[in-house]
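Here are some notes for a colleague opening this model for the first time.

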Amino acid sequence: MQAILSYSFSFFGTNVTIAALLGQGTLGLINGAFYACLSLGLAVIFGMLNIINFAHGALFMMGAFASWMLLNYLGIGYFPSLILSPLLVGLFGIFLEKTIISRLYKLDHLYGLLLTFGLALVIQGLFRNYYGSSGLPYQIPHVLQGATYIGFMYMPNYRGWVVLAALFVCLATWAIIEKTSLGATLRAATENAPLVQAFGVNVPRLITLTYGGGIALAAFAGVLAAPIYSVNPNMGDNFINIVFAVVVIGGMGSIMGSIVTGFALGVIEGMTKVVYPQASATVVFVVMVIVLLTKPRGLFGKAA
Amino acid sequence: MFGFSRPQLIAFLAMVALIVICPFILYPVFLMRVLTTALFACAFNLMIGYVGLLSFGQAAFYGMGAYVSAWTIKNWHVDASIAIALGGLTGGVLGLALGYLAIRRSGIYFAMITLALAQMVYFFCLEAPFTGGEDGIQQVPRGFLFGFIDLSKDMTMYWLVAAVFLGGFLLIHRIIHSPFGQVLKGIRENEPRTTSLGYRTDDYKLIAFVLSCTLAGVAGGTKALVFGIATLTDVNSSTSGEIVLTTLLGGLGTVFGPAVGAVVITTMENYLAQMGAWVTVIQGAIFMFCVLSFRRGILGEIGNLLKIKL
């Protein structure tokens, strides 16, 4: 084992060890967890509403802020806010869907993109006004401090928790959509909304709940991210551009596809940090270019 | 002339008159900002308004144009006309490369791909040595036009910027009213039908994309010379968003709308600059307002009231 780990090779003049590659790849899973949560939410919302939710990054940021506010204003700790924040931000999402987004369903998809882009600007601008853009600290909860040796590296406990929690929530979402009768209704409504409505299903309510659910997923990722990155109004911006690339790579046709692509790209990004650090910020985009050239519909995508 | 209708011709002459009169009343540097933004918006409108392609990454072409113009005039001391032309060339070549990838998908995917590709260009500019990283390229000289016209005076520079804008504006108008432009409109209205008529729509879309990016590069290059600076802000995604807003507010698919939008947005930014993040909030609010109840934009609504196409 040790022999394999310490094996090293040269790549473009950089000395790369297997241990470093494994270590960074594992740490990459953390970003991958955020990509998976966010792209999953985008895919679910797109399936139902035919809208690309540009405000996803802003709502992710709101999730982090909600947990910060709960702690600092109400003294509610990390674990309760892991449930409360997504709930609150999800409710806010439902309010948005009811009041503004629902006005656009009859229009071209592009208007939904433009509207949510404006929405993101408003939300980010407001938070920047009141909280500045330098970032607010959020402590890692006591139980999750420290690190554990996992065979080839020390894994900070909190980061391990992030990966597991995100994986659990993603798989639970997948199970709800693919394995329950509610999910079956949802998938049917995605395929043919008028027909499902004719069977007596309240499709507009389903749409509202889907949007709220997608937003709650983003907010959940936001709470997970709060102790890792400082809580600041631009934290969603850094993610959302990459998440769009992830969505293009995976295609939005498949729930599992979004999850797998999200985690995989996090790992690839992490490993690139070892091999060629300068490219780690762009490697996801490079993968997108390669996918576009070879499989323009995305790895798991359907038409258009 | 150039396929203008009568009201459009009147509007065009009014615009030219304003361009000539304004520098004697208002601060020329501010007006140059308006004109470069207007050219950028008109170029963007060529895509969104006439082909229906929403690109969220136009800042890449604008910003790279600015970088290349600034770098060549500062380090190679080329003529101002050459520097601006090189900016346009950069925009066009980059547009060809990125457009070739992006047109493989349509609709919202196209928007997301252009956004992601522009982000890649942004990271490239952040790392690449010639852009000066966070500092950008500063103290860019304006140089000389055709070797003998000194551009360091604001008024002289203004006439060059005005000429560049009007040239670009008329070029776009000519493109739209050519047989090529008719095919573009056909693609916007019904792409499968245009394909069935025997047009290779992807080629048409790519050409329109490259033309738009070239003009965006020209606008960026001109801007770099005016302000003597090319920075990461020019390639940032917020610049891409701003140009979408400018065009949407002025009126998608209208001839003069983007220019009007540029006047409004630039003026707004100028006066609200002290208000910090509120500018973002206001921009976002305008965005939402336009989408919800003002989809035709300023000139679209006016044209609708007067029953003319502006």
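Helices here are DSSP runs of at least four residues, numbered from the N terminus. The model is predicted.

1. Start with Asn304(B). This residue belongs to helix H14 of chain B, which covers residues 297-306. Is Asn304(B) buried or partly exposed? Asn304(B) is partly exposed, because its C-beta neighbours inside 10 Å number 13, and a residue counts as buried at 20 or more and as exposed at 12 or fewer. Between the C-alpha atoms of Asn304(B) and Ala111(B) there are 28 Å, with 193 residues separating the two along the chain.

2. Next, look at where the chains meet. Chain B puts 33 residues in contact with 33 residues of chain A. On the chain B side, at least two residues come from each of helix H5 (107-127), helix H11 (237-250) and helix H13 (278-293). H5(B) contributes the most to this side, with 13 residues. Sorted by class, the side of chain B that touches chain A holds 22 nonpolar residues, 8 polar and 3 charged.

3. In chain A, consider helix H6, residues 157-179. Its 23 residues span 32 Å from first C-alpha to last, close to the expected 33 Å at 1.5 Å a residue.

4. Which residues of H6(A) are buried? They are Arg159(A), Val162(A), Val163(A), Ala166(A), Val169(A), Cys170(A), Thr173(A) and Ile177(A). In an α-helix there are 3.6 residues a turn, so residues three or four places apart point the same way. The cover over the buried residues of H6(A) includes strand E4 (154-156) and helices H2 (18-49), H7 (181-191), H9 (203-225) and H11 (255-275) of chain A.

Terms used:
Residues are numbered from 1 along each chain as its sequence is written. Chains are lettered from A and ligands numbered from 1 in the order in which they are written. This is a predicted model: local features need pLDDT of at least 70, side-chain atom pairs count only at pLDDT 80 or more; totals for chains, interfaces and linings use all residues. Two residues are in contact if their C-beta atoms, placed from the backbone, lie within 7 Å. Ala, Val, Leu, Ile, Met, Phe, Trp, Tyr, Cys and Pro count as nonpolar, Asp, Glu, Lys and Arg as charged, and the others, Gly among them, as polar. The expected span of a helix is 1.5 Å times one less than its number of residues.
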